[in-house]
Amino acid sequence: MLKRSWLPALVTTVFVTVGTGCGDECVDQFDCRDKGTPPVGQAYACVENKCELRTLTPVPEEDAGTGTDAGTDAGTGTDAGTDAGTGTDAGTDADAGTETDGGTGSACTPACTLTQVCNPTTLVCEDSGPAVTDTSAQIAAFKAAAGTTYDPALPVNGAFVTYVKPEVGADVAGFFLQAEANGPAMFVVSPAGTVQVGDRVELNVTGATVLSGVNKAASSFTGLKVVSSGHPVRNLNTATPAGLVVDRSSAPTTELLDKADTYFATIARMSGTLNGASSASGGGHVAFTFRTSGINNANLKLRVTEDVAAGLGLVDSCAVTLGAGPIWKFTSTATPPVTTVQPSAYATADLSGITCPVPTLASAIATSLTEVKVSFSRPINAASLTDVPGQFTFTNGIQAQSATVSGKDVLVTTSAQTGGADYAVSVASSVKDTVGGAVTIPNTAAFKGFRTAAVLRLTEVQPSAATPANLDLLELQVITAGSTGGIQVQQDVNSAVLLAALPDVLVAEGDIIVIHMNGTVDSETTAKNQFPTSSNAANYDTAWDFKGTTANLPFSSRIIVVRDAQNQIQDAVPFGRSTTAAPGAYPANLQAIQAAGQWLPADCGGVLPCTTTTTPTAQDVSADWTALPTSGATAASNSVRRISATDTNTKADWAVGAPSWGVANP
């Protein structure tokens, strides 16, 4: 176990003085290099501005964790899911939570307990710090302390770092501290890289803040010292040696949900099933209702980053085990307020034992005369593509040559196609998703040989139609003639919601396309009047009528995006509703289309990314659809329409007014 005693950068409101004072030898361990090479098994550390030798001690640990240490979090997001943690792995361990340090020498047998270190000379386990009951009392004292500043500072000595996380979205970076398996625990706001999982630390808390409206966290501190490292904190409390992770899978609702503050910030293992679709949970995060053997309640949520959810293809009914993650809580602003308890994961390796619906083949579209994009229902594991010509077989004489994976899409390079010819691709069961599921039936899709893709522009939107029920409308105009195959219309950029996947139809320049959300009539593919108005009252004989998805356009601040078969943005428009607060994810979505050159101004205030508090705000620079009817709208009600003859990518292109569905806007 690497025993360290050093004083890194003081965090948040504390500043480090560069250079050494009178009589000081060092400000960090690097200033001790002039002491020469330390003896084997030892290293110099800077302690109170003096260079001292410290022993490096390895300790083998039985780990009950599940993967590379992920960063963890208790952030400060905004929106109904603004809450804990964030992002990608900020951990430092290359295993499932077993923290072997960088020391050298032999290890103690049997392995040392959680609070011990191994003396490399005597191979005897020695205590590494104060009694954990005393540390727990200090953590409890911080949680109970009134106010947000403390003088004198509140000491926390001998706590273990159980989880660390970087900043993601509006959620702050920091680390979790705990001394005993059943808590209490706390979160410390701190830049990533300050400490590592398994460190035992001392610090003095000088300030506090409130995150997610209800969670107290240390926001400033002094005197951070890592007294030892590599403690087996991510072992189960029932393992040998025992760690701090408690399996809460069987905990009843009355224990976990009714005592949310008691379990806040503690490290836990939980196994269960995702019960329902994901929902936004603060910028960069999603949450799933999490059903365990002990709890079947919508207020237990598994919260993960969008990247983790997308990479693993997490969906309703997936079975998941969180190996070692912090428990957060979030209280909504509803009346009455609702508190959700959120076991959290911030790296793919935090989750194991995943079983999800098996992948199927969703579609295929030629993106060039030698490439076909094959899309699946789940993200595909690139490592499973071991024999591309044998795993992707085509009809009509073309052959697969190589393939590249991007999430749910596999771009297959083929021999030369004939433009417009009929083809089909079949996929072998040896192709698997990212959790090991094999592709199953339907595993065949038809497509046309490549033809030039159409270029489309969004021209009209009705997000609040009620008659016919929920039949929201979108209109597009063809800017460049070609095929609509593979073009998608989405809501938002991050965690995009599919609104329509357009069929493969050859359209002419100037043609109008009307997309019927929740439509009951099939898409027209042979003529604009294939399903005439005379027998389909909602259709327009002057336009191609396409069926959208069952999703509807929320009448709040949203982005509508048109993407081609290569996933490139053809058009994107942000619509703001000034009378209601924007969703927490809205500014980040707006910033994404600004960065892509699809909307102006490129920022707010000259240099600042657009947010809800900048001048102008994110909503201020968006096309304004506030004046649309809020309920009871029909296709004859006012819509928000493009009024500019040219696309300037600004809010001035759009206005609310009388609709012009199926024909070019006046």
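**Strands and sheets in a predicted model**

The accessible surface of the protein chain comes to about 26,100 Å², and 54% of that belongs to carbon and sulfur atoms (areas by the Shrake-Rupley method with a 1.4 Å probe; for residues, only the protein chains shown count as cover). This is a predicted model, where local features need pLDDT of at least 70, side-chain atom pairs count only at pLDDT 80 or more, and totals for chains, interfaces and linings use all residues. Residues are numbered from 1 along each chain as its sequence is written, and side-chain values use heavy atoms, with hydrogens and water left out.

Of the 666 residues in the chain, 51% count as buried, meaning under 20% relative accessible area with a 1.4 Å probe, protein chains only. The chain has 6 helices and 39 strands (DSSP runs numbered from the N terminus: H or I of at least four residues for helices, E of at least two for strands).

Now for some pairings, where two strands pair if DSSP finds at least two bridges between them. Strand β29 (residues 488-491) pairs with β30 (residues 497-501) in the antiparallel sense over 4 bridges, and Gln491 has Val497 as its bridge partner. The two form a hairpin with 5 residues between them, and Asp492 in the turn has a positive phi of about 75°. β29 also pairs antiparallel with β34 (residues 558-563) over 4 bridges, with Val489 opposite Val562.

Elsewhere, 4 strands form an open antiparallel sheet in the order β18-β19-β22-β21. Its edge strands, β18 (361-368) and β21 (400-406), each pair on one side only. Between β18 and β19 (residues 371-376) there are 6 bridges, and Ala364 stands opposite Val374.

Note on methods:
Buried means under 20% relative accessible area, exposed over 50%, partly exposed in between (1.4 Å probe, protein chains only).
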